[in-house]
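Me: I am new to this structure and would like to go through it slowly, asking at each step what stands behind the words. Please set each value against its definition as we go.

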Amino acid sequence: MFKITLSPAERSYLHESLSCLSPIRPDARLNKQFRPLEATCSFLPGSNGSARIRMADGAECLASVKAKVVSLQLNNANSAQHLKNLIEVDLDINGIRDDSNLSSTIASSLKGSLVKHIPLEKLRLTHRYAFKLFIDIVVLSHSSVYPLTLLSLATYMALKSTKLPLLTSTVNDRDIEEQPMFSDDWESSLALFGDSSLSPPLLFVVAVVKDNIFIDPSPEEESVSENGICLTYANGKIISPLQTISLSPKDNTGINSAQILKAHALVKEIGPLVVKSLDEIVSDDSIKTIF
Amino acid sequence: MPPSTKRLNNGLSVTTKVFVRSRNGGATKIVREHYLRDDVACYSKLCDQCEYSLETTPVLSHVPFSTAKLTKHYLILDTNIVLNAIDLLEGSQALFDVIIPQTVLEEVRNRSYPIYTRLRGLSKADAKRLIVFHNEFCKNTFVARQKGETINDYNDRLIRKVGEYYNSHLSNYGVKVFLLTDDKDNLKKCKDEHILALSLREYLGQLPNSEDLLDTLPSAQDDLQVAEFKYAEYYSQSRLIAGVKSSVLFQGPMNVSSYDIFEGTINLPSIFPKPILVRGRQNMNRATNGDLVVVELLPKSQWVAPSNDIVDETTLGNADNEDNDLIISDQERRLLNKEARRAQMEDESKLQPSAKVVGVIRRRWRLFTGQLSPNTITTNTNALNSCLVTLSEKSMPAVRIKTRKANDLLNMRIVVAIDDWPGTSKHPEGHFVRTLGPIEDKDTEQEALLLEHDVEYRPFSKNVLDCLPKEGHEWIVPVDLSSDEQLKKRRDLRDKLVCSIDPPGCVDIDDALHARKLPNGNFEVGVHIADVTHFVKPATALDQEGASRSTSVYLVDKRIDMLPTLLGTDLCSLKPYVDRFSFSVIWELDEDANIINVDFMKSIIKSREAFSYQDAQDRIDDSSNNDELTQGMRSLLALSKKLKKKRMDAGALNLSSPEVKVHMDSETSDPGEVEIKKLLDTNSLVEEFMLLANISVARKIYDAFPQIAMLRRHAPPPSTNFEALNEMLHIRKGMTISVENSRALSDSLDRCVDKNDEYFNTLVRIMATRCMMAAEYFVSGNFSYQEFKHYGLAADIYTHFTSPIRRYCDVLAHRQLAAAIGYEPLHPIQRDKTKMDLIVKNMNRRHRNAQFAGRASIEYYVGQVIKNTESSQEGYIIKVFTNGIVVLVPNFGVESLIKLEDMGDESSGLFDEKEFKLSFNDKIGNKRELHVFDKVTVYMKSVLNEMTGKRKAVFLLK
């Protein structure tokens with residue numbers, strides 16, 4: 001995390017230009033435009049799914065999904081509650097302690113939205129056994145105050161590329177226990193999101209300057225922003241959680257409904273495009289760069 | 001995405017293999033780097049392109065095998081060929097210049113480890129010119145697995161690639177390379193891809209001696225099978241593993257009853273107090289004796305009592321209980337398990353928890369000897385015949401083989417291998433391996449017997465013989481005892497008056513003794529054991545051979561030695577009048593044979609005389625003979641009697657087995673007469689001091705090596721073993737045997753006396769012996785001290801030390817004792833507990849087999865004697881069935897079954913289970929009642945069993 005030090009004149013200039021009716025970003029991007037980034041999928045051979053995203057400014061994030069067969073406690077009546085435990089998120093942001101407020105908040109909000117959007121029934125193998133997903137995310141370096149967008153993109157791709165070994169033994173072991181057996185062919189394993197209508201959620205952080213909303217704010221933009229909003233996008237909709245965050249140490253000026261609506265519209269507009277390009281990388285391993 | 005291949009340097013590149021390993025219910029993605037080289041040699045002597053390192057040379061011949069119909073060719077074998085025709089591959093008639101792709105080797109290893117080791121052995125031998133080609137590491141023959149391709153298809157493709165490569169690689173040298181496979185799909189693909197391929201039948205059909213060769217092939221799979229029977233399918237692997245893990249199913253080795261091939265038991269001592277019963281053809285579900293099986297308890301309504309019938313291959317037609325597809329949940333099964341345990345503990349009825357086999361984990365199929373059942377041969381021509389082979393092992397079912405030579409094989413003792421037991425066949429399917437010779441031929445039967453008991457009887461290899469002293473029979477104890485450091489440590493005991501006492505004609509003299517009265521009134525007693533370890537050094541070929549044979553095997557007219565004869569009968573043998581190295585135990589004993597002091601030493605002795613038991617007895621009894629040697633022997637005898645009394649007081653058992661000896665006509669070596677072994681005082685003289693030496697040595701080596709001491713234990717028998725015998729005794733004679741401890745058992749056996757019948761006590765002892773556990777070797781670290789106990793000898797610790805020429809345990813004990821007294825350190829191999837565990841396991845198995853082989857040999861000869869002398873003999877009924885009785889004839893030490901149909905009217909038979917009584921109308925119409933323990937007169941004659949080709953004593957009740 002770099003400390004951006006701008007002189008008052010620079011700050012003022014930047015703030016003014018971002019507040020215009022037709023704002024001008026320092027790198028001449030449109031407000032809905034991402035900075036260039038490079039993404040790779042399935043690069044960790046030992047994981048069930050993995051992704052790596054690198055931003056032009058050197059920010060980098062790795063995500064890995066590993067699946068392990070666990071036995072379910074059968075006497076637990078609350079099976080929905082139980083299935084939630086099938087997902088574990090571990091987050092490591094370089095330079096921030098694992099148990100810091102920021103880390104744990106991000107991890108828990110990520111897990112919260114993932115539980116709702118991962119087809120949990122697909123993890124279920126038999127009456128007695130299920131896959132448990134261990135999602136490990138490492139942010140190697142980042143420039144943003146809140147590297148949520150970066151790690152959510154990586155997590156999205158890792159999950160999308162996740163494949164689970166194919167069960168070859170019977171599914172019904174309610175009365176007669178069987179030990180699960182799997183096909184030895186990795187190629188025959190099933191994609192977690194294969195034919196699911198669900199899709200992993202994406203979290204976008206936007207910077208708010210006056211009435212303007214900026215996607216993927218650069219550190220400079222963040223430092224002059226009045227507010228930040230984190231929006232969750234999944235399956236063509238904006239869903240909870242939606243929360244305001246502070247991107248700069250500057251006194252925040254509060255947020256109004258117009259700004260939220262604008263942010264909502266922006267993410268709704270770009271969401272499908274982001275999903276489409278990420279999916280393209282997932283489905284074709286040879287593509288590496290987008291945007 | 002196909003894995004990319006990356007070039008590392010000249011001739012080496014790397015790719016990756018990705019697969020899922022599912023083990024213990026988990027599913028792990030495994031990624032392996034896979035290296036490819038372009039310099040994997042083809043091993044053909046014709047090829048001048050491939051390069052070899054210094055250690056390797058080409059193997060495949062310059063002048064490959066060819067016939068009129070086939071040009072010069074090499075062969076590539078597919079996995080199915082290796083698995084089905086390993087015997088042919090090992091034989092010297094066909095299949096030369098063989099290329100085994102690495103893929104095949106791996107597949108063979110996964111399918112059958114024994115065949116894998118045989119294949120590996122072949123690749124080391126030169127005769128067959130067999131090589132392993134590492135096709136998966138060769139850049140030219142490696143192909144990546146395709147998406148959605150099953151592992152079998154992939155392996156087939158790898159193997160076809162080898163065929164393609166070899167043919168193009170050797171195209172300039174005028175040699176063809178045929179891929180042999182019996183996989184139809186693979187053959188078809190070969191044709192499509194223009195790869196030379198043949199099925200094994202097609203190939204052998206083009207050889208000159210094809211008739212013979214085709215006969216040794218396993219039955220062709222493609223024959224239309226008529227479903228003569230339908231067995232329940234085995235559960236899936238996943239169900240078996242999970243079931244065994246959660247104690248819903250049980251896993252254990254199957255013990256098939258030798259009276260009824262459809263009755264087996266499975267011992268699960270940790271779960272059930274008594275063995276679980278498996279009865280009936282359906283419930284046995286293709287399990288054969290010794291297989292490791294998984295069973296499932298039957299519902300209580302289907303529990304049965306152990307069979308009182310005699311069922312063998314001749315009396316088939318078992319009423320099987322109806323197949324009912326009840327689904328029982330795991331929960332209910334657990335309740336059932338509890339129920340079963342309770343039933344066994346309380347035992348209110350004869351019904352026993354019964355089970356059915358639901359899976360076979362590991363087959364115990366080896367090569368079996370047997371003979372064709374004549375009544376199953378359908379035609380007289382030389383057409384392909386499907387016939388049954390009755391195996392010598394009584395608890396194995398008959399095996400179906402297909403052969404063209406059925407008529408030639410009739411009345412021959414043959415070796416067969418079992419291949420498979422399909423669910424639709426009543427009998428396991430196998431194939432003919434080789435002929436041993438005509439039935440009843442002495443040499444044939446002997447070889448069959450050795451094969452049947454897995455006794456290694458081939459001559460010692462050159463490697464082993466090279467380990468013997470170069471001087472051969474000329475070897476002598478060095479004259480100058482100070483010439484060598486080790487020699488200096490030996491004690492010179494040549495002044496002691498040592499003698500040996502053995503059975504007459506003994507040439508491998510293990511032990512010798514001496515005794516001397518000391519000035520203080522005590523006795524100095526020495527036991528001197530042949531110093532085998534002086535010649536058998538650890539980690540030599542000789543030592544390994546000894547360890548693998550573990551024991552000498554004594555047949556009636558033949559001895560299969562554990563060590564080469566030079567050692568056994570000369571250099572080690574404590575022959576009289578010459579100096580020999582020995583390992584001595586010398587005690588100071590007081591008048592009452594209490595040990596005052598004990599000392600162990602390597603020594604040199606000179607035996608004064610080698611006595612037979614009888615000679616020694618005569619010399620002791622001859623009061624006119626008063627020389628020092630005889631005096632010593634008398635002291636030994638007196639002390640041994642005191643030792644024996646002490647042992648008996650401590651509760652040592654005096655058990656009995658119907659031991660007989662067969663006298664051979666010295667000229668024709670035909671068996672002449674049978675004699676019951678007589679025991680002289682001198683027998684027990686030697687025995688007592690050997691026991692004493694063994695116990696003293698056991699203490700010493702346990703002291704020195706608490707973890708790895710080689711010991712021998714004899715577990716107390718579980719009281720359940722005696723239940724049946726006790727019930728018989730109680731009901732028939734009003735006697736009981738108590739089994740709380742060996743003392744009680746010994747005393748109660750003494751009380752089992754029938755005033756009218758002297759032999760009765762011995763009979764009970766014989767039957768009690770059969771209820772005992774077998775003694776076993778063990779490594780001290782595996783048990784706690786309390787468990788070391790030798791029940792039969794009433795000793796708290798015991799080992800075998802006194803017969804190193806014929807037992808390997810004694811060799812180990814010698815080495816440990818030598819280390820314990822600081823003579824020479826223990827070899828690292830013998831300090832490794834896991835290695836010792838393996839040796840011990842082998843020793844126990846070989847020992848058992850040797851005993852069985854010895855007994856079988858006696859049984860065979862007794863049969864021959866009876867053949868010559870039919871007579872009436874007295875016998876005792878020892879078991880009563882619903883349709884027959886078992887009679888033991890003490891004079892010949894044989895027992896045999898008399899079926900009800902041979903005694904009288906079968907329909908009049910009435911079996912009283914409670915009273916152990918069988919009543920029936922005999923042939924004349926008189927009513928007869930037979931009880932267990934009844935003394936009966938039987939007419940003994942020997943009959944050649946048409947089914948098994950075994951001559952057996954057959955009794956006719958008089």
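Me: To begin with chain A, what is the strand order of the open sheet of 4 strands, and which pairing does it have?

Reply: The order in this open sheet is 9-8-10-11 (chain A), and the pairing is antiparallel. Strands here are DSSP runs of E with at least two residues, helices are runs of H or I with at least four residues, and both are numbered from the N terminus. This is a predicted model, in which local features need pLDDT of at least 70 and side-chain atom pairs count only at pLDDT 80 or more, while totals for chains, interfaces and linings use all residues. Residues are numbered from 1 along each chain as its sequence is written, and chains are lettered from A and ligands numbered from 1 in the order in which they are written.

Me: What makes strand 9 and strand 11 of chain A the edge strands of that sheet?

Reply: Strand 9 (212–215) and strand 11 (237–245) of chain A each pair on one side only. Pairing requires that DSSP finds at least two bridges between two strands. Strand 10 (residues 227–234) and strand 11 of chain A have 6 bridges in the antiparallel sense, so they count as paired. Within strand 11 of chain A, Ile239(A) stands opposite Thr232(A).

Me: Why is Ala67(A) called buried?

Reply: A residue is buried if 20 or more other C-beta atoms lie within 10 Å of its own, exposed if 12 or fewer, and partly exposed in between, with C-beta atoms placed from the backbone. Ala67(A) has 25 C-beta neighbours inside 10 Å, and therefore it counts as buried. Ala67(A) is found in strand 3 (residues 60–71) of chain A, and, not counting residues up to four places away in sequence, it touches Asn48(A), Phe131(A), Lys132(A), Leu133(A) and Leu164(A). Contact means that the C-beta atoms of two residues, placed from the backbone, lie within 7 Å. The C-alpha atoms of Ala67(A) and Lys163(A) are separated by 8.9 Å, although these residues are 96 apart along the chain. Buried residues make up 43% of the 291 residues in chain A, and for chain B the share is 40% of 958 residues.

Me: How many residues of chain B are in contact with chain A, and which helix gives the most?

Reply: Chain B places 26 residues in contact with 24 residues of chain A. Helix 9 of chain B gives the most to this side, with 6 residues, and the side divides into 11 nonpolar, 11 polar and 4 charged residues. Among the buried residues of helix 9 of chain B are Leu240(B) and Ile241(B), and their cover includes strand 12 (292–297) and strand 13 (355–362) of chain B.

Me: What makes a set of residues a nonpolar core, and how many residues has the largest?

Reply: A nonpolar core is a set of buried Ala, Val, Leu, Ile, Met, Phe, Trp, Tyr and Cys residues joined through C-beta atoms within 7 Å. The largest has 150 residues, and those with the most contacts inside it are Val389(B) and Leu711(B). Helix 25 (residues 833–868) of chain B supplies the largest share of this core, 13 residues. A second, separate core of 78 residues includes Ala63(A), Ile118(A), Ile213(A) and Val274(A).

Terms used
Ala, Val, Leu, Ile, Met, Phe, Trp, Tyr, Cys and Pro count as nonpolar, Asp, Glu, Lys and Arg as charged, and the others, Gly among them, as polar.
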